[in-house]
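Open the model in your viewer and keep the selection tool at hand. Please follow the stops in order.

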Amino acid sequence: VFVGTALVNMYGRFGCLEDAGIAFDKMLDHDVVAWNALISASVRNKEGVRALQYFRQMQEEGVLPNKVTLVSGVNACATHSAFSEGKHIHAQVVILDLDSDVVVATALIHTYGRCRRINNAKSVFDVILNRDTVLWTAMMAAYAHYGQISEAFKLFDEMLFVGALPDKISCISILSACVSKTGIDDGRQMHTRMIFCGLDLDESTLNGLITMYVKCGSMDDALKTFEIASTRN
RNA sequence: GCUGGCCCUCAU
């Protein structure tokens, strides 16, 4: 069963969902981990609907979901913005007393964010006490994705205030939302913040900055950033 | 052996 599960997982990572299904079918027993591998393989290949079918089928066959199952189930909803399905799985999360788990919460925030249900995402966020960088980033990205830059900035500053460290992904998530035809203030503010928190300005972050400046119509800032990048190397 | 955040067939 371990080997079969590893196979399902591997095919899933290679993008061969059909082969993952075949490997799964060849297994004699399907425990919760085997199902989880099949479900997460489907999610990884953007087959959210199929993942949810497996999610339900597993439970119909009497296998109880665990934390990993629910995380994958929640993320399956994100692929096609299935809000009511997401809420339904959220209810299961509460029943299993997993609603204070930071990984589960991150998945919920991500999914609610993609469903444009920022308030639902924020409610999940507020309940979590031991917030890590990934959780903060998921919430900021949800705000940023729908243009609520000021909210994203508030969270970013609050994050620094409580001593959490934003990483590359945190910054790039917000940066990409700073693109606007009307101004580059947001982008410059984000640039300042990135320097302030000592983020390593590597290839991807510099690329994000330059892209943002170009899209905002400021070749000056883009070139300045590019020159700084050149002097470093 | 299976899980969470930007992007990666939904930035260009």
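Select chain A. Of its 233 residues, 47% count as buried. Buried means under 20% relative accessible area, exposed means over 50%, and partly exposed lies in between, with a 1.4 Å probe and protein chains only. This is a predicted model: local features need pLDDT of at least 70, side-chain atom pairs count only at pLDDT 80 or more, and totals for chains, interfaces and linings use all residues. Residues are numbered from 1 along each chain as its sequence is written, chains are lettered from A and ligands numbered from 1 in the order in which they are written, and side-chain values use heavy atoms, with hydrogens and water left out.

**Stop 1: the whole chain**

Switch to a cartoon view. Chain A has 14 helices and zero strands. Helices (H or I, at least four residues) and strands (E, at least two) are DSSP runs, numbered from the N terminus. The C-alpha atoms of chain A fill a box of roughly 65 × 35 × 30 Å along the principal axes. Now show the surface. Chain A exposes about 12,400 Å², an area from the Shrake-Rupley method with a 1.4 Å probe. Carbon and sulfur atoms supply 56% of that area.

How much of the contacts in chain A with a separation of 6 or more comes from residues 24 or more positions apart? The share is 60%. Contact means heavy atoms within 4.5 Å.

**Stop 2: RNA strand B**

Select RNA strand B and the residues around it. There are 36 of them, and Asn36, Arg44, Val71, Thr137 and Lys215 come nearest. A residue is near a strand if one of its heavy atoms lies within 4 Å of it. By class, this surface has 17 nonpolar, 11 polar and eight charged residues. Ala, Val, Leu, Ile, Met, Phe, Trp, Tyr, Cys and Pro count as nonpolar, Asp, Glu, Lys and Arg as charged, and the others, Gly among them, as polar.

Turn to the RNA side. Of the RNA strand B atoms within 4 Å of the protein, 51% belong to sugar or phosphate. The rest belong to bases.

Zoom in on Asp31. One of its polar side-chain atoms lies 3.0 Å from a base nitrogen of RNA strand B. Then try Ala138. A polar backbone atom of Ala138 is 3.5 Å from a sugar or linking oxygen of RNA strand B. Several helices give two or more residues to this surface, including H1 (2-13), H3 (32-44) and H5 (67-79).

**Stop 3: Thr69**

Stay with helix H5 and select Thr69. Is Thr69 buried or exposed? Thr69 is buried, at 0% relative accessible area. Its side chain makes a polar contact with the side chain of Asn36, at 2.6 Å. A polar contact is a pair of N or O atoms within 3.5 Å; within protein, one must be able to donate a hydrogen and the other to accept it, and residues adjacent in sequence count only if both atoms are side-chain atoms. Beyond four places in sequence, Thr69 is in contact with Val32, Asn36, Ile39, Phe55 and Met58.

**Stop 4: Met212**

Jump to helix H13 (residues 203-215) and pick Met212. Met212 counts as buried, at 1% relative accessibility. Beyond four places in sequence, Met212 is in contact with Leu175, Cys178, Val179 and Gly187. Finish by drawing a line to Ile22. The C-alpha atoms of Met212 and Ile22 are separated by 44 Å.
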